[in-house]
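Have a look at the fold below before reading on.

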Amino acid sequence: MSNKYISDTNYRNSCNFWADERMKDVANSENDNFTPVINYSTSDNGWSTPTNGWATPSSGYGTPVGVGTPSCRRRILAGNHNDEIYSTSDSGWATPSSGYGSPVGIGTPSCRRRILVENHKSEIYSTSHSGWATPSSGYGSPVGVGTPSCRRRILGENHKSEIYSTSDSGWSTPTNGWATPSSGYGTPVGVGTPSCRRRILAGNHNDEIYVEGSCPGQGNKDESIRRGDSEEASGQVKGIDSICSDRDASLLRKLQTGEDLYPFCDASVWLRSCSQEVVEPLEGKITGCIPYWLKGSLLRNGPGSLKVGDMTFGHLFDGSALLHRFAIDGGHVTYQSRFLKTQTYKRNMAAQRIVVTEFGTKAVPDPCQTIFQRVSALFTPGETTSDNAMISVYPFGDELYALTEYPVIHRFDPITLDTLDRVNVSKYVGIVNHTSHPHVMDDGTVYNLGMSISVTGPHYAIIKFPPTCDVKSAGDGCSNKRLSMFEQARIIGSIPARWPLHPAYMHTFGSTENYFVIVEQPLSVSVPAMVRNHLLNEPMAGSFRWYQDQQTQILLMQRKDGQLFKIFLAEAFFYLHIINSYEEDNHLIVDICCYKDPTMLDCMYVEALMGIQKNPDYARMFRGRPLRFVLPLKNVSSDTAPETNLVTLQGAKATAYRLYDGNIFSQPELLCDLGCETPRIYYEKYLGQPYRYFYAISCDVDADNPGTLIKVDIKTRTKMTWCEENVYPSEPIFVPSPDPKEEDDGVVLSALVWGRGIEREVGILVLDASTWQELSRATFTTPSPVPKCLHGWFTENIDLTFKSTLLQ
């Protein structure tokens with residue numbers, strides 16, 4: 001965290017939610033006892049024996065000047081992604097007078113390093129023809145002769161940084177000038193074992209050096225997500241385990257013996273591809289007793305196939321959308337599944353290859369599309385990019401739509417699952433994307449959060465979709481004209497992004513009685529990179545930028561006029577889903593499923609899922625927890641002492657403090673010490689209102705049973721779980737009883753799939769929401785594999801037949 005935000009001892013000791021007490025001293029570089037994190041080897045063919053804690057390289061960075069005294073020192077400041085090299089020799093870099101990398105001596109450095117902290121770029125170049133040639137423009141682009149034994153290639157666009165050598169005793173001989181690891185970074189494909197390996201975690205921009213035989217990244221507090229020890233009774237986090245915890249040591253031992261690291265987790269449930277739709281309803285095998293009053297359709301959406309012809313998508317978010325329907329009526333249940341017939345799906349199927357670039361998959365080149373067509377497509381969002389709406393299902397009026405984050409949604413028939421209409425929302429209102437989780441109000445109004453572009457840059461825009469209505473025709477004054485929700489759509493308020501060319505990535509937003517809650521996390525979408533990737537037909541995942549040293553901002557927009565009300569600061573975190581938000585006693589409470597960083601997105605690459613059992617970092621990368629932020633709404637006096645906790649809400653354990661610059665910093669409390677994802681509440685009644693329960697699925701892949709359904713009681717800080725060996729439930733959806741007396745008076749529905757080779761079974765589980773006991777289930781045998789789904793919706797209107805309300 002940047003020191004400019006540290007205002008007092010109290011804040012300094014409490015701001016880092018994810019770090020344990022031992023690591024907080026490392027996080028605060030102004031502490032007298034601070035020791036920089038240094039990783040080096042004692043081997044002469046890597047880094048030599050250090051003097052005063054620094055290793056002297058025999059080959060690698062620059063040209064050593066002396067013996068014993070390091071001419072090229074390396075200091076790793078992982079906390080803010082700085083990576084610095086300097087020398088004590090006048091013929092190299094002089095001892096810096098302040099900071100690092102600013103020479104005060106004489107001579108021309110043979111190994112220069114320039115650090116661009118603002119955007120986390122790291123560059124190395126040399127002026128020597130025997131190493132790196134003098135760059136003609138920029139850095140890292142040699143134009144001279146000679147082959148360096150240790151080359152560094154900087155990919156500034158996506159913050160990747162790679163180091164390897166051409167020596168057979170370390171890294172393999174490069175192809176086209178660069179060595180190519182056999183898998184990932186840091187795995188040599190040549191002979192010998194390097195004593196000093198460099199490992200790059202491109203997903204969260206970490207840059208690590210470690211020694212053969214030691215724990216990767218030991219002492220580096222920002223390396224990856226750590227598992228937290230907490231006490232639910234207090235609601236406070238005690239600390240985050242070190243990366244070299246006993247659990248990790250056991251994982252390394254398993255890795256050495258060839259055992260599965262997570263024996264209870266079968267990631268193949270995400271990797272299946274449906275090869276045959278279920279058009280005619282299948283009758284289910286019922287066990288238990290389905291409540292007599294339960295009638296309706298559980299509709300689900302998610303990646304249905306990762307294959308097109310002989311090609312495979314690279315990321316879970318790229319799979320062709322598959323709709324599922326569980327129809328419940330009179331104690332009977334049927335199952336159907338159909339692919340969403342998007343333009344992308346039709347084009348891929350016609351070509352029998354991937355011809356549209358997705359989030360994490362590059363398509364084969366389209367010889368018919370010129371660069372000029374790609375440029376023009378930038379002004380028509382959704383028409384040339386993928387319209388594969390495979391994330392969620394939401395109603396707009398009496399119609400159901402499949403959504404993704406591109407501004408194109410698809411209406412489908414809730415009985416047959418036939419794809420009916422395609423709506424490009426950007427043609428009705430000026431946005432370039434929106435979240436896949438809009439909010440549906442009691443009166444049928446729908447709100448969503450999108451990104452609009454103005455002359456001053458990107459804005460976070462709230463879009464309102466009023467219910468369909470009839471208006472008098474301007475022609476004869478008698479006949480009525482029916483206006484759809486999309487024709488009436490308008491932006492009711494917008495807030496500029498804090499970084500003009502780097503708006504934050506957002507998957508959900510919050511809504512309370514008086515405010516919209518916009519959580520601006522430091523995972524941004526680089527507009528220049530997005531444009532470049534579009535023109536070059538590169539995946540959009542390459543447009544993401546993660547700024548760990550920046551804070552998360554929580555923005556409150558007033559519903560009455562769309563104006564910004566307040567901004568709150570929090571420690572950097574990544575999130576996908578907001579559980580709920582509401583107001584109480586001059587405070588705004590927002591509950592969020594938080595991760596330390598966005599490496600969980602990397603966990604969903606197909607290659608990562610296939611290699612989960614050999615990746616000891618996977619569980620930490622996917623480690624998240626539900627956190628509560630309590631935001632004081634009252635104005636704070638400028639003379640308020642910085643140690644004053646501004647949260648006065650009774651029973652709240654979250655805190656907030658005023659910083660010297662006037663900003664309010666919020667520190668959350670833990671709601672449950674389990675990984676919780678795809679959270680749901682009694683949505684129809686408690687959206688934006690004080691609530692007590694939420695339901696979720698586990699995201700702890702190293703748990704004894706990763707397929708766990710969770711009910712959390714926020715009031716008592718207790719939880720209830722349901723699990724069954726080798727069963728993987730989906731997002732739990734609450735359905736209230738006909739006359740509910742309590743918030744949890746009803747049932748929870750969840751779609752089921754099975755692991756360990758049971759690919760052609762699918763089911764639906766009915767739990768008593770109050771007791772969390774199974775009431776019944778229905779299972780089906782399908783003609784082809786059924787993959788795990790993402791999000792869905794329950795509708796009671798199973799007999800409706802819909803007609804399009806869109807004007808042609």
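Here is what the atoms have to say, topic by topic.

## Ground rules

This is a predicted model, where local features need pLDDT of at least 70, side-chain atom pairs count only at pLDDT 80 or more, and totals for chains, interfaces and linings use all residues. Residues are numbered from 1 along each chain as its sequence is written, and side-chain values use heavy atoms, with hydrogens and water left out.

## Nonpolar cores

The largest nonpolar core holds 102 residues. A core here is a set of buried Ala, Val, Leu, Ile, Met, Phe, Trp, Tyr and Cys residues joined through side-chain atoms within 4.5 Å, and buried means under 20% relative accessible area (exposed is over 50%, partly exposed in between; 1.4 Å probe, protein chains only). Strand 36 (residues 587-595) gives this core its largest share, six residues. Strands are DSSP runs of E, at least two residues, and helices are runs of H or I, at least four, both numbered from the N terminus.

Among the residues with the most contacts inside the core are F396, F465 and I518. Leaving aside neighbours within four places in sequence, I518 touches L449, Y460, I462, I495, M506, Q553, I554, L555 and M557, with contact meaning heavy atoms within 4.5 Å. A second, separate core has 30 residues, including L316, F359, L523 and A572.

The whole structure has 29 aromatic pairs. Rings of Phe, Tyr and Trp (its six-membered ring) pair if their centres lie within 6.5 Å; planes under 30 degrees apart are stacked, over 60 edge-to-face, and the rest tilted. Y682 and F734 make a tilted pair, because their centres are 4.9 Å apart and their planes sit at 45 degrees. Y682 is in the loop between strand 41 (676-680) and helix 11 (683-686) and F734 is in strand 46 (residues 733-736), so the pair ties together parts 52 residues apart in sequence. Both are buried: Y682 at 8% relative accessibility, F734 at 4%.

F396 and F465 turn up again in one aromatic cluster, with Y401, Y428 and F486.

Four strands line up as 41-42-43-44 in an open, antiparallel sheet. Strand 41 and strand 44 (718-723) are the edges, each pairing on one side only. Strand 43 (residues 708-713) and strand 44 share six bridges, and pairing takes at least two DSSP bridges. I710 has T721 as its bridge partner in strand 44.

## A buried loop residue

Q488 sits in the loop between strand 27 (480-483) and strand 28 (490-496). Q488 counts as buried because its relative accessibility is 19%.
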